[in-house]
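Please open the model in your viewer and keep the selection panel at hand. The stops below go from one selection to the next.

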Amino acid sequence: VFSFKVTEQTPRLFKNNNLEMLTRTPPVVVVIIYLPIVIGLLWFSIMKAGVGAWQSALLFALGAPVWTFTEYWLHRTVMHWVPNISWGERMHFWVHGVHHDWPHDPYRLVMPPAISMTLFFIFLGIFWLLFGKYAWAFQAGFTFGYIIYDLSHYFYHHAKPSYNWLKSLQRHHLQHHFNPKYDDIHYSITVPLWDRFFGTLEPVETSAPKKSEDRPS
């Protein structure tokens with residue numbers, strides 16, 4: 001039986017219940033799936049791959065901020081990409097447009113596991129090719145960064161933070177959704193670091209060209 005509510009902010013996308021369930025992910029699912037994976041990766045790094053505890057901790061600490069760059073890059077180059085082809089708009093809708101159409105949908109604020117697990121293995125393969133046995137702990141930090149990202153995203157759309165620094169982070173992301181000046185900037189979710197680094201923190205103000213004054217002949 002289909003158990004999720006259908007409301008104005010949580011519309012049904014498919015008539016088929018099984019397909020519809022794949023589009024809806026409560027945020028707790030991210031923790032349930034990926035926190036044990038993070039712990040398992042660290043355990044494997046230390047106990048099976050032979051990487052020391054301190055080395056694994058350092059790799060973990062490096063992996064998390066690499067995720068923050070990855071989230072920026074994916075959001076800017078993939079999620080906001082609209083191919084100039086007949087089905088480009090439809091592709092963009094399913095990749096990211098659905099979130100912009102219903103930004104407060106509580107079940108479509110975190111990545112569905114089918115997508116996040118695919119990305120998990122793609123990046124694990126890349127890091128394995130680059131780092132060998134050091135990839136396990138690095139991937140643990142990278143995945144932990146992803147957990148923080150998805151939970152932060154949900155928080156920004158539904159919470160009422162008390163602390164100014166959290167209010168600032170929330171405002172940074174919500175401007176991307178609700179202020180037209182920020183449609184094509186503010187791609188960072190977890191922290192605004194990469195928006196500042198790549199120049200997508202503030203809108204570019206364009207002034208209208210001045211009219212030339214009539215001069216007496």
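Helices here are DSSP runs of H or I with at least four residues, and strands are runs of E with at least two, numbered from the N terminus. This is a predicted model, in which local features need pLDDT of at least 70 and side-chain atom pairs count only at pLDDT 80 or more, while totals for chains, interfaces and linings use all residues. Residues are numbered from 1 along each chain as its sequence is written, and side-chain values use heavy atoms, with hydrogens and water left out.

Begin by selecting residues 135-158, which are helix H6; its 24 residues reach 34 Å from first to last C-alpha, close to the 34 Å expected at 1.5 Å a residue (the expected span being 1.5 Å times one less than the number of residues). Of these 24 residues, 17 are buried (buried means under 20% relative accessible area, exposed over 50%, and partly exposed in between, with a 1.4 Å probe and protein chains only).

Next, select Phe127 and Phe138, an edge-to-face aromatic pair with 4.8 Å centre to centre and 75° between the planes; rings of Phe, Tyr and Trp (its six-membered ring) pair if their centres lie within 6.5 Å, and planes under 30 degrees apart count as stacked, over 60 as edge-to-face and the rest as tilted. Because Phe127 lies in helix H5 (residues 113-131) and Phe138 in helix H6, the pair ties together parts that are 11 residues apart in sequence. Both phenylalanines, Phe127 and Phe138, are buried.

Now widen the selection to the aromatic cluster that holds these two rings, whose members include Trp67, Phe142 and Tyr149. The whole structure has 27 aromatic pairs.
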